[in-house]
Amino acid sequence: MTVCSKCIINDNYPGIKFNDEGECSICTSRRTFKPFGEAKLIEIFNNAKAKNSEFDALVPLSGGKDSTYILYLATKVYNLRVLAMTYDNGLFSQTALDNIKRAIEITGAKHVWCKTDHEIQKKVYRNMLLKSGDICGSCDIATISYILKTAQDYKTPLILYGTSPLEEDSFVPDSIQDISRFKYIMNGTPGLTKEDINKYIVIPNRNDFNTFLKKKFGKIGQEVRPLFYIENPSDKEMGEIISREMGWKEDSNKDFTKHFDCIAEPFTNFVRHKIYGYERHICQYSNMVRTGEVSRDKAVEMYNADLVDEKPSNYNEILNLFNLCDSDMENIVRLKPLQYEKYTSKINKFFLSLVRIKQKIRGI
Ligand SMILES: [Zn+2]
C-alpha cells in the first residue's frame, strides 16, 4: 500500500495519484484559501435583516462543533434573528441532544425538529447498508430536503451552513447524496412502497438544477457558508469558544471523533474501512495535516488510536438497531466500492459540468 509522504491518505482512495516525491494528488493540487472578507458577509446579513422577515436566517443544528459555532456567530456575533432546525435521523448521541438543548436555551433562538416516519427510516438504513454499505448518504438526503423545506416554509432569507474551507477534501468522493442513485438502490426494497421512499426523500424530484432555480427565483433563501468569509479559529479554538459561550461539551468516548453527534458514526466508519480500505477518519486527519493543524506524526498517532479496523464498542447495539445479523455483516463488508456511481442523476452531472465551466471562466 502506498501512503502519501505529506498527509496520511493511501492508494485505496479512488482516483488518487502520487508524484515522484510520494506526495498525493490532493496535497499537490491544494491551494491556500483566502476568505471572501467579513464586509461581504455583513452586507449579506444586512440585506437579510432589511427584509424584516420573522427570521433572518435558518441554522441547521446537529449539536456538533461546526453547526454550534455557526449558531453562536449568527446570534451572538452578528445579531441575526435565527430559526434553528434539526432533522431527527434517529441516531443522535445523548451528548449531541444535550448540546442542542443548551445552545437553544442560551441563544433563545426558536428551534424546530423535523421528524420522519421511523419505521421507513429504519428500513431505508437497513437496505442501504445491505446493498451499498453506506447510510450517511441517505441521512444527508433527508437532512438536505428538510433544511430546504423548512427554509421555504418559514421564508427565511438565508440558510447558514457550518461547512468550512479547512474541511475541503476531508470528505469521501462517492456520490452518496445523489437522489437518483438512492432511488435506484432503494427500488424493490421489501416492505417499502414508492410512496414510502418519496415520503422519506421529502422533495422526491429534487436535483441540483431545480434547487438552483428555486434559490435564483427566491423560493428558497440564499445558502451561505459564513466560514468562507472570515478568518477562522482552529478546530481546537472553535471548541473552546463554544464550550465557553454555548455550554457545548465534547464526548469523551474516543470512538466518536468529529461526528460524535451520531451514534452510528464509528460503525459506518468501520464498514467503510472494510469495503474501501480507507474511511472518513483518514480523510479528516490528512486534511488537518494539510492545513497545518497537526503534524503528520500526530495524525498517524491519532489514526492508530482510533482502531478503525476493529468493531466499535457499540457494534451490537447498532446491529440490533438496523435489524442486521452476523451473516448480513459478512455480506456487507464484501460489497464492492463505487458500484452505483453510474446511476447518479444526469441532470446533476450536467449541472455540475456547467458550474465547473463557470468556475474556469472566472478563474476560481
Ligand atoms: Zn497527501
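Predicted model: local features only at pLDDT ≥ 70, side-chain atom pairs only at ≥ 80, totals over all residues.

Reader: What makes Asp328 and Arg126 a salt bridge?

Author: The rule asks for a side-chain nitrogen of Lys or Arg within 4 Å of a carboxyl oxygen of Asp or Glu. Between the side chains of Asp328 and Arg126 the N to O distance is 3.7 Å, and they meet in a salt bridge. Asp328 belongs to helix H15 and Arg126 to helix H5, so the pair ties together parts that are 202 residues apart in sequence.

Reader: Why is Arg126 called partly exposed?

Author: That label covers what lies between the buried limit, under 20%, and the exposed limit, over 50%. Arg126 has a relative accessible area of 26%, so it is partly exposed.

Reader: How do you know that Lys199 forms a salt bridge with Asp117?

Author: The limit is 4 Å, and the closest N and O atoms of Lys199 and Asp117 are 3.9 Å apart. Lys199 sits in helix H8 (residues 194-201) and Asp117 in the loop between strand E3 (110-114) and H5, so this pair ties together parts that are 82 residues apart in sequence. Asp117 counts as partly exposed, at 30% relative accessibility.

Reader: How many salt bridges does the rule give?

Author: The count comes to 15 salt bridges. One of them joins the side chains of Glu245 and Arg244, at 3.7 Å from N to O. Lys76, Arg244 and Glu245 are linked in a network of salt bridges.

Reader: Are Glu245 and Arg244 exposed or partly exposed?

Author: Exposed needs over 50%. Arg244 has 59% relative accessibility, so it counts as exposed. Glu245 has a relative accessible area of 26%, so it is partly exposed.

Reader: Let us turn to the metal. Which atoms are the protein donors of the zinc ion?

Author: They are the SG atoms of Cys4, Cys7, Cys24 and Cys27, lying 2.3 Å from the zinc ion. A donor here is an N, O or S atom within 2.8 Å of the metal. Along the chain, the donors follow the spacing C-x2-C-x16-C-x2-C. Cys4 and Cys24 are 20 residues apart, both in the segment before helix H1 (25-28), and this pair links distant parts of the chain. Both Cys4 and Cys24 are buried.

Reader: Why is the arrangement around the zinc ion called tetrahedral?

Author: Four donors count as tetrahedral if all angles lie between 85 and 135 degrees. Around the zinc ion, the four donor atoms subtend angles of 105 to 115 degrees, so the arrangement is tetrahedral. As background, the ideal angle for four tetrahedral donors is 109.5 degrees.

Reader: What makes phi of Asn52 worth a remark?

Author: Most residues other than glycine have a negative phi. Asn52 is not a glycine, yet its phi is positive, about 50 degrees. Asn52 is in the loop between helix H2 (38-50) and strand E1 (57-60). At 63% relative accessibility, Asn52 counts as exposed.

Asn323 also has a positive phi, near 60 degrees. Asn323 lies in the loop between helix H14 (315-321) and helix H15 (326-332), and at 55% relative accessibility it counts as exposed.

Reader: How do you know that Gln121 is buried?

Author: The limit is under 20%, and Gln121 has a relative accessible area of 3%, so it is buried. Gln121 is found in helix H5 (residues 118-132). Leaving aside neighbours within four places in sequence, its contacts include Tyr87, Asp88 and Tyr200.

Reader: Is Val271 buried or exposed?

Author: Val271 has a relative accessible area of 0%, so it is buried. Val271 is in helix H11 (residues 265-276). Not counting residues up to four places away in sequence, Val271 touches Gly133, Met329 and Ile332.

Terms used: Residues numbered from 1 in each chain as written. Heavy atoms only, no water. Helix = DSSP H or I, 4+ residues; strand = E, 2+ residues; numbered from the N terminus. Buried < 20%, exposed > 50% of the residue type's maximum accessible area, 1.4 Å probe, protein only. Contact = heavy atoms within 4.5 Å. Donors = N, O, S within 2.8 Å, 3.2 Å for Na, K, Ca; no water. Tetrahedral: all angles 85-135°; square planar, octahedral: opposite > 155°, others 65-115°.
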